[in-house]
Amino acid sequence: MTNKTWLNKMETAEYLGITTRTIDRWRKEPQTYYHFPAPRYVAGRPRWNIKDLDAWIASQPKTAD
């Protein structure tokens with residue numbers, strides 16, 4: 001868990017356990033990838049709110065183990 005509120009793309013990828021290219025793909029086609037949260041831009045760079053990411057994770061369909 002992190003104490004930060006906003007994560008850059010690399011931190012977001014690490015938080016989700018994916019690559020930055022996956023984030024780029026999800027952003028390009030958000031309807032296909034379960035409506036991945038849109039970033040906010042700070043100084044021209046995308047930032048994701050950790051609460052938005054947590055809500056997005058919780059909203060994902062559960063898979064059978």
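This is a predicted model: local features need pLDDT of at least 70, side-chain atom pairs count only at pLDDT 80 or more; totals for chains, interfaces and linings use all residues.
Trainee: Which residues are buried in helix H1?
Mentor: H1 covers residues 9-16, and Thr-12, Ala-13 and Leu-16 are buried there.
Trainee: How do they sit around the axis of H1?
Mentor: The buried residues of H1 fall within an arc of 100° seen down the axis, so they line one face of the helix.
Trainee: And what covers the buried residues of H1?
Mentor: The cover includes strands S1 (6-7) and S3 (45-49). Helices H2 (20-28) and H3 (50-59) are also part of that cover.
Trainee: Now the ends. What happens at the start of H1?
Mentor: Asn-8 puts a side-chain oxygen within 3.0 Å of the backbone nitrogen of Met-10.
Trainee: What follows H1?
Mentor: Gly-17, with a positive phi near 75°.
Trainee: Back to Thr-12. Why does that one count as buried?
Mentor: Its relative accessible area is 0%, and buried means under 20%.
Trainee: Which residues does Thr-12 touch?
Mentor: Leaving out residues up to four places away in sequence, Thr-12 touches Leu-7, Ile-23, Phe-36, Trp-48 and Leu-53.
Trainee: Switching topic. How many residues are in the largest nonpolar core?
Mentor: That core has 10 residues, among them Leu-7, Ala-13, Leu-16, Ile-23, Trp-26 and Phe-36. Trp-48, Ile-50, Leu-53 and Trp-56 belong to it too.
Trainee: Which elements give two or more residues to this core?
Mentor: H1, H2 and H3. The largest share, 3 residues, comes from H3.

Note on methods: Residues are numbered from 1 along each chain as its sequence is written. Side-chain values use heavy atoms; hydrogens and water are left out. Buried means under 20% relative accessible area, exposed over 50%, partly exposed in between (1.4 Å probe, protein chains only). Helices (H or I, at least four residues) and strands (E, at least two) are DSSP runs, numbered from the N terminus. The arc is that of the directions from the helix axis to the C-beta atoms. Contact means heavy atoms within 4.5 Å. A polar contact is a pair of N or O atoms within 3.5 Å; within protein, one must be able to donate a hydrogen and the other to accept it, and residues adjacent in sequence count only if both atoms are side-chain atoms. A nonpolar core is a set of buried Ala, Val, Leu, Ile, Met, Phe, Trp, Tyr and Cys residues joined through side-chain atoms within 4.5 Å.
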